[in-house]
Number of protein chains: 2
Amino acid sequence: MSTRERFGARLAKAVASRGPLCAGIDPHPGLIEAWGLPVDASGLERFALSATEVLAARAAIVKPQSAFFESFGAAGIRVLERVVETARDAGALVLLDVKRGDIGSTMAAYTAAYVADGAAIAADAITVSPYLGFGSLEQCAATAVSAGRGIFVLARTSNPEAAAVQNAKLPDGRTVAQAIVDSAAALNAGAEPLGDVGVVVGATIAPGEARSRAAERSGAGTRFRGPGSHCGRSSGDLRAGTAGSAARVVSRHPEARSGASGFAPSGRTRRRSAGRPAGKRPIAGPGTGPHQAPPHCGRCSRVGTVASPTQI
Amino acid sequence: MSTRERFGARLAKAVASRGPLCAGIDPHPGLIEAWGLPVDASGLERFALSATEVLAARAAIVKPQSAFFESFGAAGIRVLERVVETARDAGALVLLDVKRGDIGSTMAAYTAAYVADGAAIAADAITVSPYLGFGSLEQCAATAVSAGRGIFVLARTSNPEAAAVQNAKLPDGRTVAQAIVDSAAALNAGAEPLGDVGVVVGATIAPGEARSRAAERSGAGTRFRGPGSHCGRSSGDLRAGTAGSAARVVSRHPEARSGASGFAPSGRTRRRSAGRPAGKRPIAGPGTGPHQAPPHCGRCSRVGTVASPTQI
């Protein structure tokens with residue numbers, strides 16, 4: 001058992017002191033380019049670290065998306081390591097969005113990579129994918145919890161293609177997604193004020209899904225805040241749980257480029273820098289101009305709790 | 001469109017010339033330690049590169065498991081880059097076992113990382129996870145195919161916990177896993193002799209699953225070779241497809257430590273090296289002793305095709 005305080009307790013404190021903001025660090029090549037930076041590991045580093053320094057000073061949680069770092073190979077992962085360190089140094093919790101999911105010693109290796117004591121890229125929590133069954137993730141959850149860390153399990157995502165897996169029915173009549181939420185809630189039983197195992201539930205109503213999503217909601221009495229909605233302009237609500245056992249929910253972005261869009265340059269900045277060689281273009285970031293702080297942190301997410309048992 | 005030949009065609013040639021062997025490179029910490037190497041990036045590198053040099057000279061496909069490299073952070077990914085290069089230089093195809101799965105620009109970033117033209121860690125194919133729906137993977141498949149590469153989609157894995165997702169039923173009565181297989185087969189329609197989109201189906205009959213698996217099989221007239229069975233000692237069979245459109249199947253290991261077990265030191269070697277400092281222990285590998293070639297390549301897998309449509 002780590003001497004680190006339990007993740008759920010640390011999350012509750014972070015949200016109490018900084019608000020429920022979870023800021024995505026999604027260094028899409030298009031964003032790197034829009035900043036006048038080269039689309040390589042050096043441009044990734046300048047963009048991602050600048051964004052992290054600004055956002056981690058304010059947000060309770062910073063959520064880097066691993067894919068955008070992996071696409072630059074080992075050099076990109078080195079940048080991810082620095083992003084995680086920088087965010088932690090600035091006092092934010094780090095939710096690393098990796099969506100890993102495997103079994104046995106392979107899942108143990110992912111656990112060792114990200115949420116075990118002594119992890120190589122030590123996040124406070126990671127996202128995980130339950131296609132191989134929620135049970136395949138339980139040892140990861142146990143190891144994370146004992147290290148003072150957590151996991152967020154994909155349950156019901158907002159993309160329309162997801163229904164073909166997540167809304168499939170189990171013999172007991174529940175959907176796959178509902179069973180994931182129930183399993184997460186069971187692991188959190190008795191944890192106050194928050195457990196260490198969260199679920200990922202998006203709420204964008206995709207074309208053709210409105211009816212079914214509405215039905216899910218009406219049955220639940222609980223609504224999840226939708227991805228893509230803006231901080232300060234809530235398009236839904238996420239109600240704090242009242243039961244003793246609680247599952248946390250983090251909404252996610254349907255398009256990664258939206259993650260740090262509040263940190264994106266204005267059209268004027270983009271136009272000014274367009275004609276200059278990459279090395280000569282102004283780098284916006286902490287202390288360099290109007291982008292010191294995100295003025296309209298566009299597509300960040302909120303993190304909260306839902307009552308358990310909770311129907312989605 | 002890349003000038004690289006289509007993945008399915010390259011796979012068919014590789015199997016025809018080298019046999020249907022897919023050798024796992026699963027550098028579990030326990031294996032690294034058993035070789036008298038330090039459990040760090042340097043030990044990982046010596047173990048994984050030695051195993052790759054030996055196995056890639058013989059196997060049609062080498063399958064590194066990303067988790068065991070990720071657990072050493074950026075330094076581990078640097079080793080993974082070298083493993084991929086080494087395997088390709090030795091004439092083997094590389095199936096990188098990463099089980100990624102996401103949507104939109106995030107999935108595009110994973111695609112850019114591994115299977116697009118100019119990929120940072122350019123595998124010939126990767127494993128992907130369909131929890132966000134098979135449709136979320138189709139752009140990845142299209143990009144991979146146009147680059148002469150492929151994907152293998154998780155469908156029905158052998159671990160007992162998987163049934164709670166993969167055997168869930170869709171409104172049309174099919175299981176989630178069956179729908180994945182059908183979708184892969186549809187993408188392969190018309191491809192000869194093999195398509196570029198495979199599926200992962202394990203065949204270990206777990207306790208309590210025997211009845212349902214047997215039923216699945218009897219309906220199919222097709223059996224999948226089970227993970228954990230030995231090369232040359234087939235515990236099942238994988239029949240070549242007869243239909244024009246074919247989905248490929250690769251069986252996987254339930255425990256990653258089994259991946260390169262044919263390359264593991266004998267008990268005698270382990271005992272001999274146990275008392276020596278790590279730096280002084282003999283490193284078995286190409287040209288260094290009895291482990292030049294895998295004498296009983298323990299838990300490797302076979303790759304083949306199944307007829308489409310195929311019931312699993």
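Student: First one: is Lys99(A) buried or exposed?
Tutor: Lys99(A) counts as buried, because its relative accessibility is 2%. Buried means under 20% relative accessible area, exposed over 50%, and partly exposed in between, with a 1.4 Å probe and protein chains only.

Student: Before I go on, what kind of model is this, and how are things labelled?
Tutor: This is a predicted model, in which local features need pLDDT of at least 70 and side-chain atom pairs count only at pLDDT 80 or more, while totals for chains, interfaces and linings use all residues; side-chain values use heavy atoms, with hydrogens and water left out. Residues are numbered from 1 along each chain as its sequence is written, and chains are lettered from A and ligands numbered from 1 in the order in which they are written.

Student: Back to Lys99(A): where does it lie?
Tutor: Lys99(A) lies in strand β3 of chain A. Helices (H or I, at least four residues) and strands (E, at least two) are DSSP runs, numbered from the N terminus. Lys99(A) also has a positive phi of about 50°, although it is not a glycine.

Student: And what is the phi of Lys99(B)?
Tutor: Lys99(B) has a positive phi of about 50°, and it is not a glycine either. Its place is in strand β3 (residues 93-100) of chain B, and Lys99(B) is buried, with a relative accessible area of 2%.

Student: How are the two chains related?
Tutor: A rotation of 180° with 0.0 Å of shift along its axis superposes chain A on chain B, with an RMSD of 0.0 Å. The two copies are thus related as by a two-fold rotation axis. The same surface serves both copies, since 100% of the contact residues of chain A recur in chain B. The superposition is by least squares on the C-alpha atoms of residues with pLDDT of at least 70 in both copies, and contact means heavy atoms within 4.5 Å.

Student: How many helices and strands does chain A have?
Tutor: Chain A has 11 helices and eight strands. Buried residues make up 59% of its 312 residues. Of the contacts in chain A with a separation of 6 or more, 76% are between residues 24 or more positions apart.

Student: Which strands does β2(A) pair with?
Tutor: Strand β1 (residues 21-25) of chain A pairs with β2(A) in the parallel sense over four bridges, and two bridges join β2(A) to strand β3 (residues 93-100) of chain A, also parallel. Two strands pair if DSSP finds at least two bridges between them.

Student: Which way do the residues of β2(A) point?
Tutor: Ile61(A) and Lys63(A) point one way from strand β2 (residues 61-64), while Val62(A) and Pro64(A) point the other way, and all are buried.

Student: What about β5 in chain B, how many of its residues are buried?
Tutor: Seven of the seven residues of strand β5 (residues 150-156) of chain B are buried, so it is largely enclosed by the rest of the structure. Four bridges join strand β4 (residues 125-128) of chain B to β5(B), and they run parallel. Thr127(B) stands opposite Phe152(B) in β5(B).

Student: Changing topic: what does Ser66(A) touch?
Tutor: Not counting residues up to four places away in sequence, Ser66(A) touches Leu80(A), Asp97(A), Val98(A), Arg100(A) and Tyr110(B). Ser66(A) is in helix α4 of chain A, and counts as buried because its relative accessibility is 1%.
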